[in-house]
Amino acid sequence: MIRENMGDLDDLYMEIILDHYKSPRNKADLSHIDNDNMHENPSCGDSLKLEILMGDDGRIDSVRFDGHGCAISTASASLMTERLPGKTPEEARSFIEVFLKVLRGEEPAERLEEWGDLAVLGGVVKFPMRVKCATLAWHALEKSLED
Amino acid sequence: MTDGIVPRTSGTPVRPLFTGAPATDPLTTRPLSDPRGPLGDEIRNDFPLIVSHPDLAYLDSAATSQKPEAVLTAIDLYYRQDNANVHRSLYDLAERSTLAFENSRRTVEHYLNAASHREIIFTRGTTEGLNLLAWSLTELLVKEGDILLVSALEHHANFVPWQQAAFRKGAELVLIPALKDGTLNLDFFRELEADGRADRVKVAAVAHISNAFGTVHPVRASSKWCRERGIPLVLDAAQSLPHLPIDAPATGADFLAFSGHKVYGPMGSGVVWGREEWLEKMPPWQTGGEMISMVKPEKSTWNELPYKFEAGTPDVAAAVGLAAALNWMKETGVERLEAREHELELYTFEKLTAIEGLTLYGPADPYRRRGVFSFNLDGIHSHDVAQYLDKAGVAIRSGHHCAQPAMRLMGIPSTARASLAPYNIQADIDHLVEGVTGVQEYFK
């Protein structure tokens, strides 16, 4: 008995999200990084590691991730890593702050629109149980920038 | 009698059932003795929520069951007609409330075939019951260097309290290892004997049915080993009480804890059954009103059983609701409920194992499992499975099911879990299967 209207579901699993889930960008085998640096979402068992490479100019050169997660958390990590190269750590921090505020419902989803494809993650706000999935990579990035 | 599961004695054999004997033993048959015969789909009419959600396939009863009208009515009537504090006042209303509470205790006592009402302690649920037992038993028995034995398949409620008690006491937490099919490796008892650790085991705790994989644990094998050594065995019956008729003393265990809300009763209700000879010796867990006999500035003495373990004003309505649930099960016929559910379990097992790309966890023998179907779909995360199924009108759980050690052991972060109750129908399973096919297509 699949309900007639699967519209809501498509709001969550938009084409871009499914694409990044099936072919994640910047996903790599990071088994050389210690598992102590694994970030976990204890409610669902998802886990994620990040590797940030800094350029000589003090800006982020590239970010790669490894781990196991649902469509939302994988796509969110993939979309996030695409937007990071060229940012200073300071810019990355404000980028994280805005994203987390939108996902917490404290800022309108439109705030994400200037970031292209990443804006699709604003739709997750309508699925409160999945917000943690979307923010896992961002909290991992926040933590990694502190270290 | 095996494993404390009450056997059927007459009538036509309907199907084999796991006896709880060691895994190599042959399965036995249990005939349905109830003259009313099998239970039909009309059982759904007893559940207002099921009636008011005709399009919902509720397959999350291992998390919490729906409640029959009889339970809702009992709680409502208690508050409308009998509400007063218990065990204190002399007026008529207080007496009625006390009677309602103590009659509920008698209902539980008889349901579990306990030796006396003194063996029945009301709690908020399995978790509280297991915390009570872990604290009190380790206070009584455990010192530095001793061993607390639990299984690798436990729900966190039957794991963390023992782990923390081990930390407090400087004791060692030892896990009975699990096999890949979600059963326990009971040869481990021999290993404990061989390396001498058996003598250091002071308490053992194990789930009757695994909430993560549905494995039925052969309690008798464990309880026999424990009894021979005078080790008290605690049984987490949260998942077994809803599915099997249980004779508590016959399990051979010394304690059993369960939640009311998983056996059609209200949330916030639960029971610890314990053998009186143990409970008498054990120190109280929580202290305060009701559980005392005499209080002086220099010392206090404790009330008699079971009140020694019931500090403060109890949730009387929850106890009344829990008793109403057990009475509903008895009146409907515990074995009829079980038989109906097991038919559906076999149907579910057959349907799910036929799906390509679906891995079903737990025993490959459908007669050695109950209630729970934990699975993963190739390349699709359990959260995405559950999210899709929700839109298809099918309610299941996804995640680690509060059993992270068990999940880690299986090498999986999470599973999707469908769990059954007698109000489920074949159509619910068909919707689940349709949904699974749909989600495979969606994420292809």
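Biologist: What makes β1, β2 and β3 of chain A an open sheet, and in which order do the strands run?

Modeller: In this predicted model, the three strands follow the order β1-β2-β3 with antiparallel pairing. Strands here are DSSP runs of E with at least two residues, helices are runs of H or I with at least four, and both are numbered from the N terminus. Two strands pair if DSSP finds at least two bridges between them. β1(A) and β2 (residues 46-54) of chain A have three bridges, so they meet that definition of a pair. Within this pair, A:E40 stands opposite A:S47.

Biologist: How do you know which strands helix α3 of chain A touches, and what is its direction relative to β3(A)?

Modeller: Contact means that the C-beta atoms of two residues, placed from the backbone, lie within 7 Å. By that test α3 (residues 71-83) packs on the sheet through β2 and β3 of chain A, and its direction makes about 170° with that of β3(A). Angles run from 0 to 180 degrees between N-to-C directions, with axes fitted to C-alpha atoms, for helices over the stretch in contact. Helix α5 (residues 131-146) of chain A touches β1, β2 and β3, at about 40° to β2(A).

Biologist: How should I read the numbering and the confidence limits?

Modeller: Residues count from 1 along each chain as its sequence is written, while chains are lettered from A and ligands numbered from 1 in written order. Because this is a predicted model, local features need pLDDT of at least 70 and side-chain atom pairs count only at pLDDT 80 or more, but totals for chains, interfaces and linings use all residues.

Biologist: Why are β13 and β16 of chain B called edge strands?

Modeller: The open sheet has the order β13-β14-β17-β16, with antiparallel pairing. β13 (358-360) and β16 (397-399) each have a single partner strand, so one side of each is left without a neighbour in the sheet. The twist averages 30° from one strand to the next. β16(B) pairs with β17 (residues 415-419) over three bridges, and B:G399 stands opposite B:T415. Helix α11(B) packs on this sheet, touching β14 (372-377), β16 and β17 of chain B.

Biologist: What makes a group of residues a nonpolar core, and how many residues has the largest?

Modeller: The members are buried Ala, Val, Leu, Ile, Met, Phe, Trp, Tyr and Cys residues joined through C-beta atoms within 7 Å. Buried means 20 or more other C-beta atoms within 10 Å of the residue's own. The largest core has 117 residues, and B:L148 and B:V320 have the most contacts inside it. Helix α9 (residues 316-332) of chain B gives the largest share, twelve residues. B:V320 touches B:A74, B:I75, B:Y78, B:A100 and B:S104, leaving aside residues up to four places away in sequence.

Biologist: How many residues of chain B are in contact with chain A, and which element gives the most?

Modeller: 17 residues of chain B are in contact with 17 residues of chain A. On the chain B side, α11 (382-391) and α13 (426-442) each supply at least two residues, and α11(B) gives the most, with five.

Note on methods
Buried ≥ 20, exposed ≤ 12 C-beta atoms within 10 Å, placed from the backbone.
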